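Subject: A structure to look at, with notes

Dear colleague,

I am passing on a structure that I would like you to open alongside these notes. Please read them slowly, with the model in view.

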Amino acid sequence: MSHSEWPTVSVVMPIRNEATYLEQSVQSILLQTYPREFDICLAVAPSSDATEAIAQRLSAQNNRISVIENPSGRTAGGLNAAIAHTKGEIVVRVDGHATLSPDYILNAVKTLRSTGAANVGGIQRPIGHSVFERAVARAMTSKFGTGGSKFHVGGQAGPTDSVYLGVFDRSRAEKVGWFDERLIRNQDYELNIRLRRDGATIWFDPNLWVDYQPRSSLSQLARQYFQYGWWKAKVVCLHPSSLRLRQSAPVLVTVVLLCSLAISVINPLSLLLPLLYGLITMTVSFSQPRLSLAERLALILILPTMHLTWGLGFTLSMFSRKLKAASRG
């Protein structure tokens, strides 16, 4: 294929407080093997670190990089603003703490063309540096930790519900309206729902991978997964049929454990359920291969944190919606 036959590509990055990883992420984009020059748009949200200064310096050093403001601070708003600022036929979403494999864009465009998909993505590969981060990385890539979605645990190439980040055919995504700016999280999954309803295919390609920096503390992880659950509930309200069994599991576990603890006041036998969950968690944690003792011990805390904060976020989000509906009625 000649140089001009490759479609034009634009990379969009919504960034906020990414001073630690931004240069590394942008460098992984500039080193892509894609045979045609592409542009990068950084949508900078108000940050408490040097993110904006680093973004401006990178732009001054390379005329392929542009910087725009994202005053709302929301990921969806930043993505939509960056997409509107660019013209590429293919839109590649990258986060500020992600590092692309060298052939990521090249292989994604090939897959888009060979499959006719509207969006292609691969494996989110968490790379931890501390004991805690390595344990989070293992939790994120285990079926017990995240339910087994392909972009977490891998699998065969083929159609799927959603993918990590995404490489989009611009015309197909423009047709359904890009990202819903009402959503703080889960806006990528919601866009893929609308694409699939429009007859498009979302394609998982295991040959694509993106290195991802996991959260570095239990409080950060809890906040992240609470938000995942909270905003997943919002998406389910918009698209009720989108809820999958694996996504219902943490909600069920959370509700059952909370009820068991409440009932234990009058019936101590109900504590057997939390004890059973704890035993399963410990068994899974200590059965993980190639982990140190410290990492296995960290998993005992990390796995319940992921499950229960996701389930609590989902449950409270649904409950708040019911309260609002009742107050209006």
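**Aromatic rings and their surroundings**

F151 has a relative accessibility of 19% and therefore counts as buried, where buried means under 20% relative accessible area, exposed means over 50% and partly exposed is what lies in between, computed with a 1.4 Å probe on protein chains only. Before going further, please keep in mind that this is a predicted model, in which local features need pLDDT of at least 70 and side-chain atom pairs count only at pLDDT 80 or more, while totals for chains, interfaces and linings use all residues. Residues are numbered from 1 along each chain as its sequence is written, and side-chain values use heavy atoms, with hydrogens and water left out.

The count of aromatic pairs comes to nine, by a rule in which rings of Phe, Tyr and Trp (its six-membered ring) pair if their centres lie within 6.5 Å, and in which planes under 30 degrees apart count as stacked, over 60 as edge-to-face and the rest as tilted. One of these is the pair of F151 and Y164, whose ring centres are 6.2 Å apart and whose planes stand at 20 degrees, so the pair is stacked. F151 belongs to helix 7 (residues 150–153) and Y164 to the loop between strand 7 (158–159) and strand 8 (167–169), so the pair ties together parts that are 13 residues apart in sequence; helices (H or I, at least four residues) and strands (E, at least two) are DSSP runs, numbered from the N terminus. Y164 is buried as well, with a relative accessible area of 8%, and F151, Y164 and Y212 form one aromatic cluster.

W178 and F179 are also stacked, because their ring centres are 6.1 Å apart and their planes are at 25 degrees. W178 is buried at 8%, and F179 is buried at 4%. W178 sits in the loop between helix 8 (170–176) and helix 9 (187–197), and its phi is near 50 degrees, a positive value in a residue other than glycine. N17 likewise has a phi near 50 degrees; N17 is in the loop between strand 1 (9–15) and helix 1 (22–30) and counts as partly exposed at 36%.

**Cores and a helix pair**

Which residues have the most contacts inside the largest nonpolar core? They are V11 and M13, in a core of 56 residues, a nonpolar core being a set of buried Ala, Val, Leu, Ile, Met, Phe, Trp, Tyr and Cys residues joined through side-chain atoms within 4.5 Å. Helix 13 (residues 293–328) gives the largest share of this core, seven residues. Apart from this core lies another, of 22 residues, which includes A82, I83, I123 and A173.

Finally, the axes of helix 11 (residues 245–263) and helix 12 (residues 272–286) come within 8 Å and cross at roughly 135 degrees, with axes being lines fitted to C-alpha atoms, for helices over the stretch in contact, and angles running from 0 to 180 degrees between N-to-C directions. That makes helix 11 oblique to helix 12, since angles under 35 degrees count as roughly parallel, over 145 as roughly antiparallel, 65 to 115 as roughly perpendicular and the rest as oblique. The contact (heavy atoms within 4.5 Å) is made by V253, V256, L257, S260 and L261 of helix 11 together with L273, P274 and Y277 of helix 12.

With best wishes
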